[in-house]
Every structure is written in C-alpha cells, then in structure tokens.
Amino acid sequence: MQIYIEKDYDALSHRAAEHIAARIREKRPFVLGCATGGTPQGLYRELARMVRSGLLDFNTLSTVNLDEYCGIDENHPQSYRFFMRQHFFLPAGIDFRNSHFPACDARSCAAFEKKITELGGIDLQILGLGKNGHIGFNEPGSLRSSRTRIVTLSLETREDNARFFETKGDVPHSAATMGIATILDAREIVLLASGEHKARAVFQMIRGAVHEAVPASFLQEHPRVLVFLDAAASKEL
Ligand code: GLP
C-alpha cells in the first residue's frame, strides 16, 4: 500500500483528484468505480472543477458505483444515485447513461457483475472507509470471495449514516454492494479517509492482520492501493 498523508481534508481531496485525473488522461475509455459518503465529496468537487476549467474531460468515461441502499428509490435525496447526480455527475457533466449501480435483487446483482466485465473491468476504484473497517457495504464478516449481493447493514453503520437522514429509523436496513472480490479485481484502488474517528480503522486496515473482522484489511493483498489520509486519520499509524 502506498500511503499519502496530507495536512487536512482539502489537501487530501486535491491530491487524490490530481492522481485520478492523471490516470483518466492516460487511458481511454476509462472505467471509474465511485464511492459515496461524506469523504469523497471534496474529491468530486475537485474533479468537476478540472472539467469546468478544461483540464479534464469525461467523454469516454463510464462509472460503476460501489453500493446502493435498498428500499428507497433513486429520487430519494439519500439514495446513492441521487448523491452521485448531485455531487459528481451533474457538476462534472457525466452522461448518466454511462453510469451503473447495483440494485436490490439477486438477478440485478449478477447483471451488475456482468456489466463490469463487459466494460473491461474497473480501472480505478475509489473507496471510503467505515469506522468498523467496512468498504462499500461489506460489513465485518464479509468473505474475501464475496461478489455483488444484498447485505444487512450493521447497527453501527446505520447509526453512522443516520446523520444524513431525518431520523435514525429512516436509515435502510439493507443495501446492494460490490463484494470484496469485486473490489479487489479493480486494477487500482484509491482509498480516502479523513478525521480522527477513522484513525483506528485506518490502523487496522494497514497494520492489522488480514481478516474478515476488518474487511478493509483485504486491501493489503492488492498490488496497487493508494491511501490518502489527512493528519487526523493517520494518528495511530
Ligand atoms: C457508507 C458507504 C461507504 C463509505 C462509508 C463511510 O457506509 N457505503 O462506501 O465509505 O459510508 O462514509 P463517510 O465517508 O461518510 O465517513
């Protein structure tokens, strides 16, 4: 794993955006794996700014998203489709027809895996990190061999994500997510983590044993992972 420690959130977002933009300029067409959550918002802002300044274009870009909640539709403001439109696709002028999400039935999960293969695989997957070490919605206990599937969210994850919903009870109980094996098939992975509340999970991901108890620890087995941290998230390293 290559670790980059930046002084704060803006600096880490900027550095990660520079890296991803360089990769997208190198290879066309490009398949970008996207993540949601609070952490990648600054990165998406930077990439959209580069497009508006003419430094980057997404004409031959396809996107695949890591995960999506079950039980809320794409017009719900907390659905990940809505998030992506608002934070990335609209500001960066990305054609929605080239964007793919997993959905909450077994047939759609299999179709999503097939779509990734048809696109030629994921060139670069963006990841955030859950406080309990989850990636996508692969909660502790997820298998190294897991593929896109429907999962039950842990209480901790529902509590962490409650800040985006009106009440805790509104947070969905399940989601569709790429599996660990799906993520590890990406040619390159860029993981972002910011803030002291992520420091323990960052430590376990990088220095801990490779184990299902911390799904992000499986990233140690991937040959090309770049981790962008701010100083607070790197505190326990
Ligand atoms: C959610 C998402 C993850 C994300 C995590 C951390 O559970 N499914 O993909 O990495 O939250 O989110 P945040 O960046 O808001 O801390």
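How many nonpolar, polar and charged residues does the shell around the ligand have? I noted four nonpolar, seven polar and three charged residues, where Ala, Val, Leu, Ile, Met, Phe, Trp, Tyr, Cys and Pro count as nonpolar, Asp, Glu, Lys and Arg as charged, and the others, Gly among them, as polar.

The model is predicted, and local features need pLDDT of at least 70, side-chain atom pairs pLDDT 80 or more, while totals for chains, interfaces and linings use all residues. Residues are numbered from 1 along each chain as its sequence is written, and side-chain values use heavy atoms, with hydrogens and water left out.

**Ligand site.** I found 14 residues surrounding the ligand, the closest being G38, T39, D67, R163 and K198; a residue counts here if one of its heavy atoms lies within 4 Å of the ligand. I then looked up polar contacts, which are pairs of N or O atoms within 3.5 Å. A polar backbone atom of G38 is 2.7 Å from a ligand oxygen, and a polar side-chain atom of H134 lies 2.9 Å from an oxygen atom of the ligand. For a nitrogen atom of the ligand, I recorded 3.2 Å to a polar backbone atom of G136. Of the 400 Å² of accessible area that the ligand has on its own, the protein covers 96% (Shrake-Rupley method, 1.4 Å probe).

**Sheet.** I traced seven strands (DSSP runs of E, at least two residues) in an open, parallel sheet ordered β1-β10-β9-β6-β2-β3-β5, where strands pair if DSSP finds at least two bridges between them. The edge strands, each pairing on one side only, are β1 (2-6) and β5 (99-100). β1 pairs with β10 (residues 225-230) over five bridges, and I5 stands opposite L229 in β10.

**Peptide bond.** I also noted a cis peptide bond between R28 and P29, with omega about -10°.

Note on methods. A polar contact is a pair of N or O atoms within 3.5 Å; within protein, one must be able to donate a hydrogen and the other to accept it, and residues adjacent in sequence count only if both atoms are side-chain atoms. Helices (H or I, at least four residues) and strands (E, at least two) are DSSP runs, numbered from the N terminus.
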